[in-house]
Amino acid sequence: MTSNQFQAATDGAPRAAEVLLPSVHPQVFQQTVNQADMAISITDGQGNILYVNPAFTRVTGYASDEAVGRNQSIVSNHSMPRDFYRALWQTISHGEPWSGHLVNRRKDGSKYLAELSISPVVNGSGEVLNYLGMHRDITELHRLESEVRNQKALIESVVDAAPMVIALLDADDRVVLDNHEYKKLQADLGMAEPAPMLMSSVRASLEPEVGRLRRPSGYLFLDREVRLDPPGGRPARWFSCSGSRVREDDTSADAFLAGQGRDYLLLVAKEITSLRTQQEKVRVAALQAVMADEDRASGLRESLAAAIFRLEGPLNMMASVVGMLARRQGGTEPMAAALAEAIATGQQALADLRSMIPAKTREPLGAVNLNELLRDVLDLSTGRLLAAGITVIWQPQAMLPALLGAPNRLRSLFKALIDNAIEAMNTRGCRERELTVASRARLGGIEVDIADSGPGIDRAQLLKVFEPFHTTKRGGGHLGTGLSAAQQVAAEHGGFLEIEPTTTRGCRVRVLLPLHRRP
C-alpha cells in the first residue's frame, strides 16, 4: 500500500501523534505499521477494509489489493455464535475497545486461532470513524497450552485412579496435592492429615541415614514399611512408603534469571495390610511357641526360686539354733552336730536347686513398635480373655515412635500385667469385665496404661505387691513374682511402672518407658 492509501485510510482520524510527537513525520508511522510483526488492518465504520500491513498478508494469505475494499469478514470462519458477533459490534460501535479470540480462515481455507484486539478511532465529538484491528496467529501457542492442560488432566486422572495413596507435601509437611485414595484414608482413620504422621515414622526409620532426605533428586526412600493402629480396636494397617523430591520452578518475574523454585516431597504409600496380615498370622503362631517355651522356663525359674526362698527360712532358723546350742554347751551337744550336718545337706540341696534354674537368654536390643508388641500380647491372650468373658478396649495412639528395647522381655512385662488383670477379673462377683489397654507418646518416652474392672488393690498393699513372692490372690496358687518381674524389666529399659490408686473398683497400672536407654 502506498503512502497515499495509508493517508486515505486515516483521514478524519485525530492527529494525536502529531500533537504528542510533533517532530515525527507521518511517514515514520506508516513505515512502523508496515514493518510491524502483528497483522494490522484499518476499516471504515461498516468494517470495510481500507488498509492492511504486510504482516496481515503473511498471516491471512490475502494481498493488499485483494483485501482493500472488501469486508473484514473475509477472514472470519463464521463459526462463532451470532450472539458473540452481536456483542462484539455493540462494544466497538459504542467507542469501546474489544479483545478476544476468534477462529479465522486464511485465503487457502485453512483455519487458525487469532488473538484479536479492535480499537475504535473517534473524532473530537466522539463519533466512530474507523476501526483499528490487530491480531496474531496463536494456533501453535493454543496447541501447546491445550497439550499442557491435557497432560495435567491426564496426570490427575491417573493419580486419582492409582490404587495407592499419593500426597505432595511442602517443606512444612503440609499436603498441597492428594488423590482419592488419600481422601479415603483420611475418612477411614478419622484424621485430617495422615501424611505427616506417615512421614514422621519414615523419618524415624531413616535416622541412621539422615542424609538421604537431603538428596536433590531421585528416590529419597523406597519401600519403607509403616504401621498405623486406628482407634476403636480396629485392626492395624500397614503401608509401604516411597518418597521422591519434586521441584517447582518459581513463575514470578524476579525468578526469571535467578532460577528460583520450591521443593516438594512426593509421598506414595501402597497398602500392604493383606500381605502383612498373613505374615502376622505366621509370626504370631511362631511367637506363641516361643512365648510358651519362655513361659515354661519362666515358670520353672519362678518355682525353683520360690522353693529356694521358702527353704532358706527354715535353714537360717536351724543355723541360729545350732549357734545357740554351741554357745551353751561349748560345742559338745550331739544334737548341735546333727543339726549342723542337716544344715550342710540342706545348703547343698539349695545350691543344686540354684544350678537347675534356667539361665535367662540375653536378647539383643532393637527398634520396637510398642503398639505391635501390645497387640501380640493381646493376641496371645485371646483364649484366656474369651474364656473369662472379658471385653478388651484397645486405645492405641495411631502411630508411636520406635523404642529401643528387648522385644521378648517387653512382651513378658505386658503379659504379666495382662495375666494379673485377667486373674483379678476372673472371679465370682465380678460382673463387668473390661480390660483397657492404651498407649500414647510422651516427651522422650511412651506411656502404656493397663486398666481392669476387677476388685482392685487395697492402698495398704500398693507397695508390697512389688515384693517378690507377695501375692494378693486367694487360694495360694500364685507365687507372686509377676509384678516384681515386670518392674525389673521396666527398670532394665530405664523406665518404671506404678499402680495408680483408684477410688472405685478396678486397678490401673501405668508403664513409662524412655525411647532411648541410657548407657
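## Close-up views of a predicted model

View 1. In β7, L177 is the bridge partner of L168. This is a predicted model, in which local features need pLDDT of at least 70 and side-chain atom pairs count only at pLDDT 80 or more, while totals for chains, interfaces and linings use all residues. Residues are numbered from 1 along each chain as its sequence is written, and side-chain values use heavy atoms, with hydrogens and water left out. Helices (H or I, at least four residues) and strands (E, at least two) are DSSP runs, numbered from the N terminus; two strands pair if DSSP finds at least two bridges between them. β6 and β7 run antiparallel and are joined by three bridges. Their hairpin has five residues between the strands, and D173 takes a positive phi near 65°.

View 2. Buried means under 20% relative accessible area, exposed means over 50%, and partly exposed lies in between (1.4 Å probe, protein chains only). In a regular strand the side chains alternate between the two faces of the sheet. Here V165, A167 and L169 lie on one side and I166 and L168 on the other. Next, look for β10 (residues 261-271), which runs antiparallel to β6 (residues 165-169) and is joined to β6 by five bridges. A167 stands opposite L267, and L168 stands opposite L266.

**View 3. An aromatic cluster of F84, Y85 and W98.** Ring pairs link these three residues, F84, Y85 and W98, into a cluster. Rings of Phe, Tyr and Trp (its six-membered ring) pair if their centres lie within 6.5 Å; planes under 30 degrees apart count as stacked, over 60 as edge-to-face and the rest as tilted. The structure holds three aromatic pairs. F84 and Y85 form one that is edge-to-face, at 5.8 Å centre to centre with 85° between the planes. F84 and W98 form another edge-to-face pair, at 5.7 Å and 85°. F84 lies in helix α6 (residues 82-93) and W98 in strand β3 (residues 98-105), so the pair ties together parts that are 14 residues apart in sequence. W98 is buried at 14% relative accessibility, whereas F84 is partly exposed at 24%.

View 4. In β15 (residues 445-452), eight of eight residues are buried. Eight bridges join β15 to β14 (residues 434-442), which runs antiparallel, and R442 has G445 as its bridge partner. In the turn of this hairpin, G444 has a positive phi of about 80°. β15 also pairs with β17 (residues 507-514) in the antiparallel sense over eight bridges, where P514 is the bridge partner of G445.
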